[in-house]
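Subject: Structure for you to look at

Hello,

Here is the structure I said I would pass on. Please open it next to this message and follow along; my notes come after it.

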Amino acid sequence: MSANDWTRGIYAITDAVLLPDDAQLLGACEAALRGGLALLQYRDKSTDDVRRWRQARALAALCTEHGVPLIVNDDLALVRRLRVEGFNDVGLHLGQRDGSLREARERLGPDAIIGATCHARLDFAARAAADGASYLAFGRFFVSRTKPEAPPASLELLARAGRFGLPRVAIGGIDSDNASTAHAAGAELLAMVHAVFGGKDPEACVRELNLCLKRHAAKFIHRI
Ligand SMILES: Cc1ncc(COP(=O)(O)OP(=O)(O)O)c(N)n1
Ligand SMILES: Cc1nc(C(=O)O)sc1CCOP(=O)(O)O
Ligand SMILES: [Mg+2]
């Protein structure tokens with residue numbers, strides 16, 4: 001099991017354009033992990049199965065060293081293969097068109113982390129929660145450089161999504177300027193691609209994001 005609490009904090013997502021080869025991918029992810037991630041997602045939309053397996057396996061080993069769960073985007077078969085190899089902390093993220101969450105839960109068992117994209121829809125969130133999701137992802141909340149075409153969502157949705165009792169992920173254009181706003185609106189996890197992997201220093205960037213969250217939490221505690 002992972003040593004850290006994965007249910008709150010910074011959730012970094014890889015990008016094959018920003019990190020085009022193994023050395024860049026692993027170097028940037030190791031730096032981000034040193035900065036203090038709650039979760040790392042391997043997101044590679046290519047059909048290069050050999051590369052996807054090699055990279056996912058290397059990331060799973062890296063995440064195990066840091067006690068942070070690796071989440072694989074879209075690909076249940078890849079997650080199952082990694083878990084057979086002993087990477088028991090590897091989980092899955094599914095969008096609305098990525099197959100049945102209920103079936104993924106049956107195949108991966110009760111302990112696997114399985115996340116669901118809910119866009120701006122509480123009905124999607126209700127179904128995902130009933131089907132066994134571990135977290136619910138909403139967005140996009142801001143202008144996204146990685147996925148500008150993702151449907152927009154407004155922050156007030158996050159408070160209403162609290163009724164499901166699952167960690168809420170905010171995604172889409174999150175950065176150090178707006179992270180505390182999304183956190184204040186109810187997101188326990190802040191997912192981002194460009195803010196972490198679009199710059200030169202993922203470690204410093206994740207440290208700064210964690211500081212933003214800490215400062216925000218301290219302000220809140222001070223007020224009550
Ligand atoms: C944490 C998180 N939230 C949302 C998504 C988007 O998933 P999806 O809608 O399936 O789109 P793709 O990422 O597959 O293009 C995500 N990957 N992670
Ligand atoms: C993969 C993805 N899904 C989104 C959604 O809204 O469902 S937004 C997004 C991209 C997030 O990247 P960035 O932090 O660079 O905006
Ligand atoms: Mg998907």
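An unreviewed UniProt entry annotates residues 10-196 as "domain: Thiamine phosphate synthase/TenI"; UniProt positions follow the numbering used here, feature names are shortened, and such annotations may be inferred rather than shown by experiment. This is a predicted model, in which local features need pLDDT of at least 70 and side-chain atom pairs count only at pLDDT 80 or more, while totals for chains, interfaces and linings use all residues. Residues are numbered from 1 along each chain as its sequence is written, and chains are lettered from A and ligands numbered from 1 in the order in which they are written.

The span 10-196 is 39% helix and 18% strand, and its end C-alpha atoms are 10 Å apart. Helices (H or I, at least four residues) and strands (E, at least two) are DSSP runs, numbered from the N terminus.

The barrel: 8 strands close into it in the order S1-S2-S3-S4-S5-S6-S7-S8, with parallel pairing. From one strand to the next the twist averages 25 degrees (axes are lines fitted to C-alpha atoms, for helices over the stretch in contact, and angles run from 0 to 180 degrees between N-to-C directions). Two strands pair if DSSP finds at least two bridges between them. Strand S6 (residues 135-139) runs parallel to strand S7 (residues 168-171), and 4 bridges join them. Leu136 stands opposite Arg168 in S7.

Two helices: the axes of H1 (residues 22-36) and H2 (residues 49-66) come within 11 Å and cross at roughly 20 degrees.

Arg140 is in the loop between S6 and helix H6 (156-160). Asp74 is not a glycine, yet has a positive phi of about 75 degrees. Asp74 sits in the loop between strand S3 (70-73) and helix H3 (76-84).

Regards
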